[in-house]
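Subject: Structure handover

Dear colleague,

Please find the structure below. My notes on the pocket and the sheet follow it.

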Amino acid sequence: MPRIVLIDTDTASDDAVALVMALRSPLVEVAAITVVAGNIGVEQATRNALYAAELCGSDVPVYMGAAKPLQRELHSATWFHGMDGLGDHGFSPAKRVPEEAHAVDAIIATARAHPGLEIVTLGPLTNLALALEREPRLPELVSRCVVMGGAACCEGNVTPAAEFNIWVDPEAARAVFLSGLKIEMVGWELSRYSAAVNDEEIEQILAMNTPFSNFTVKCNSRAREAYFEQTGERGISLPDPIAMAILLQPELCTRSTEHYVEIETTSELTRGMTVVDRLNVSGDQRNAALWREARERQKPVKICWELDVPGWKQMLVQSLL
């Protein structure tokens, strides 16, 4: 039987591709899509989620959630994804509208209805933090939480220290990481270099000439340019679809280890940094006080260090047929 999944997303270009992968996969049944502000405002992100669902012929319920971070103003990534989050191509609005219920209520209700639920988060963790605050038993109901976020022991993509999803709402991220959820962290670094869809592969995807392949390349047109501006690397970097691929097929993460992770919330220099206790020194006397809360409340986080790149790209292509 397909596993039951809930997707929390700030639907922009790479999120939309991740939604297509999940909605067209025989491995999972998507029980709900919940939307949070991040890459773009929550209303536009909700419209984009509805568009992706309609493209796939899916009637999965879509719920609008938090419009801003827990304690901060929203900083979006329209410079990377376009003003509408999908490259500003004027895609026709979906016929459906979101459900009346709030995304936070939907997360709780879905987890209660489906014990063992798997959650994948593709944006800031605001919705999930609010759900955990309202329903502290959520970690008992969720068997797995794949988080696309963070930068494990490497540079960030929005500051030298931090990845965008965690940086936007570090307080929410810290609450989620300290909640006791079984978290798998899929950092943005896994989507770089050979894991990015290169120019030749983009042409091969376009040659497939399906609604899904054409949409994937078109909606990521601005992201393709922005990725080069940001890194000097060519291609389309797809961190959210990589996280989705690992959710769908866990063995695509070929090397992982478990560690305590802290999230920086007070320093503007390192705001949103995912500090990974890679050498397992957080319990040492000199670190114990700072790390006490993480060590007492957190389940060690599974950090994905390496990706089966051919396997990930094969899954992407198959989902676009």
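The largest pocket is lined by 19 residues, and those nearest its centre are Asn39, Phe80, His81, Asn157 and Phe164. A pocket here is an open set of points on a 1 Å grid over the protein atoms alone, where a 1.4 Å probe fits, with protein on both sides within 12 Å along at least five of seven lines; lining residues have an atom within 4 Å of a point. This is a predicted model: local features need pLDDT of at least 70 and side-chain atom pairs count only at pLDDT 80 or more, while totals for chains, interfaces and linings use all residues. Residues are numbered from 1 along each chain as its sequence is written, and side-chain values use heavy atoms, with hydrogens and water left out.

The space in the largest pocket is about 270 Å³. Its lining divides into 10 nonpolar, 6 polar and 3 charged residues. At least two lining residues come from each of helices H3 (78–81), H7 (164–168), H11 (221–231) and H12 (239–248); H3 gives the largest share, 3 residues. Helices (H or I, at least four residues) and strands (E, at least two) are DSSP runs, numbered from the N terminus.

Strands pair if DSSP finds at least two bridges between them. S1 (residues 3–9) and S4 (residues 117–121) run parallel, joined by 4 bridges. Asp8 stands opposite Thr121 in S4.

Regards

Definitions and conventions: Points joined across faces, edges and corners; volume = space filled by probe spheres on them. Nonpolar A, V, L, I, M, F, W, Y, C, P; charged D, E, K, R; others polar.
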